[in-house]
Amino acid sequence: MIEPAFLLAAFLGGMSAMLLRLPPMVGFLAGGFALNALGFDKTPLLETLADIGVVLLLFSIGLKLDVRTLLRRDVWGGASLHMLASTLVMVLLLALFKGLGLTLLADIGWSTLALLGFALSFSSTVFVVKVLEKRSETQTAYGRLAIGVLIMQDIFAVLFITASTGELPSPWALGLVLLIPLAPALRALLDRLGHGEMQMLFGLLLALVLGYALFDVVGMKGDLGALIIGLLLAPHPAAQTLARSMFSLKELLLVGFFLSIGLTAMPSAEMLGAALLLVLLLPLKSALYQVVFMRFRMRHRTSVLATLSLTNYSEFGLIVGAIAVSSGWLSGDWLVVISLAVALSFALSAVLNGVSERVYRWLEPRLPRIRVGELSPSDRPIEVGDAEAVVLGMGRIGRSVYRRLQKEYGLRVLGIDSNPQSVKTLSGRGFNILEGDAVDSDFWDKLLMSRDVQMVVLAMPHHAGNLFALKQLRSRAFPGRITAVVEYPEEIEPIRELGANAVFHVYDEAGRALADSAAEEAGVISRASQLG
């Protein structure tokens, strides 16, 4: 049974963070430190729940990731360059602090400084993905870049842990390559399970057994196993549905992860000072990310927002710290310091990401110009051609709107979606579709709207995205008609206030259409018709 105090601390911490306009995860961390101060310790159940939450998170990342992202030069090259540069800079700065008399570094040699620098070069996969999911931006250009870099860092972490233990994986680990030919059978089974509890149970089986447990048995990192199984399923159309069905469970279990960080240990004033010193070094780590991304000719918005999302320390630092302490290289105090630095960096990163668009707008004029011809094709201006209607968001509703406008009204329609896999699939099915992120302010700067466009339909799945797109259209004096789809009644008024010409509540409209169809089939005449 989980401690009632853990649930209370998590709820109060999360509620306090929300009142301060911070992500609830910052409150969960604070709740963990409060529990620590009151004398509570981690329990085996809490650690198990936290571990399962992280495994499901990595599995979900795999389900949404195109493996080709990892093969991009800016991803593997950027992650490698940043790790080398960041480790070197951190080592030099830690050596400087040692020379200035920081007690905790007094007896530490160069090899241990290098180990600390390596640990501090990582960013938190758990935190970054949580932030991106909260903002519905995992599939944006900067979101895909950040996640790709994080996964490369996870791979580096696996290599480090394997090397640090001095134990090679079991020879049976070679058999894991058989998972590749097994993948089509797993996808076929996923097809047969529908959308209910069996689908979620299958997801848990894949993540925890075929992923984590199998990889762990052969001496590989179980978390990596969950990620790889997710990657193998990602090409299947139902992978996104599976990820959504597991979302709430994963989010709940990750509360345990953030509580457990706060429960790691209780800090002294000296440890708190050392942790604050590490947090003050974060801008240097960020600057290195920005320089590396610019080296690969990323758009400024992509590089700046990816950098801001990665401006934090990783829970991986705790793993490195634990290995160093168990090997006698570091004192146990450093576990507390790293734990505090991770928690404080999360709080700082949450604030930064809350104002990321404003930070980008301030920085953009101060960054060196990049000519359009030097950008990758996906970053160049978007031309709508001769389209008469544009549909933003090509999910189920967007696709229905597209077909109706095209077949019933004979309009030339262009669909725009931020998910490259969806764009590729729909393009292959004959849709006129382009990849574009409508919540990316640069997207609107790149979009060349022709005079032929009569209407824009906002069919994105998230209210914030539709609001943003509407603001952008109005700020650019779009002369055509704008129609938006909303999911909840409270979303109607904000959309109308921004000037949408028509707003459709999904469930109301579906209910009306169903009622009309049922009445028509039953031969019932509406009151309006009777009065007429």
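## Ground rules

Because the model is predicted, local features are reported at pLDDT of at least 70 and side-chain atom pairs only at pLDDT 80 or more, while totals for chains, interfaces and linings use all residues. Residues are numbered from 1 along each chain as its sequence is written, and side-chain values use heavy atoms, with hydrogens and water left out.

Helices (H or I, at least four residues) and strands (E, at least two) are DSSP runs, numbered from the N terminus.

## The parallel sheet

Let's start with the sheet. Six strands make up an open sheet with parallel pairing, in the order β4-β3-β2-β6-β7-β8. Two strands count as paired if DSSP finds at least two bridges between them. At the edges sit β4 (433–435) and β8 (502–505), each of which pairs on one side only. Ignoring direction, neighbouring strands of this sheet are turned by 20° against each other on average; the axes behind such angles are lines fitted to C-alpha atoms, for helices over the stretch in contact, and angles run from 0 to 180 degrees between N-to-C directions.

You can follow the pairing strand by strand. Strand β2 (residues 389–392) is joined to β6 (residues 455–458) by four bridges, and the two run parallel. Within that pair, Ala389 stands opposite Met455 of β6. On to the next neighbour: β6 and β7 (residues 481–486) also run parallel and are joined by four bridges, with Met455 opposite Arg481 in β7. Finally, four bridges link β7 to the parallel strand β8, where Ala502 is the bridge partner of Thr483.

## A helix over the sheet

Helix α22 packs on the sheet and touches β2, β6 and β7, its direction making about 160° with that of β6. Contact here means heavy atoms within 4.5 Å.

Together, β6, α22 (residues 463–475) and β7 make a right-handed β-α-β unit. The handedness is read with the strands pointing away from the viewer: a crossover is right-handed if the path from the first strand over the helix to the second runs clockwise.

## Salt bridges

A salt bridge is taken as a side-chain nitrogen of Lys or Arg within 4 Å of a carboxyl oxygen of Asp or Glu, and by this rule the count comes to seven. One of them pairs the side chains of Arg72 and Asp74 at 2.5 Å, N to O. Burial is judged by relative accessible area (buried under 20%, exposed over 50%, partly exposed in between, with a 1.4 Å probe and protein chains only). On that scale Arg72 is partly exposed at 27%, whereas Asp74 is buried at 10%.

Glu388 lies in the loop between β1 and β2, so its pairing with Arg412 ties together parts that are 24 residues apart in sequence. Shared partners join Asp386, Glu388 and Arg412 into one network.

## Two buried loop residues

Asn312 lies in the loop between α15 (300–309) and α16 (316–326) and is buried, with 0% relative accessibility. A polar atom of the Asn312 side chain lies 2.8 Å from the backbone nitrogen of Ser124, and a polar contact of 3.5 Å joins the side chains of Asn312 and Ser349. A polar contact is a pair of N or O atoms within 3.5 Å; within protein, one must be able to donate a hydrogen and the other to accept it, and residues adjacent in sequence count only if both atoms are side-chain atoms. Leaving aside neighbours within four places in sequence, the contacts of Asn312 include Phe122, Phe127, Leu282 and Phe346.

His236 lies in the loop between α10 (222–233) and α11 (239–245) and is buried at 9% relative accessibility. Leaving aside neighbours within four places in sequence, His236 is in contact with Arg187, Leu190 and Asp191. The C-alpha atoms of His236 and Val506 are separated by 27 Å, with the two residues 270 apart along the chain.
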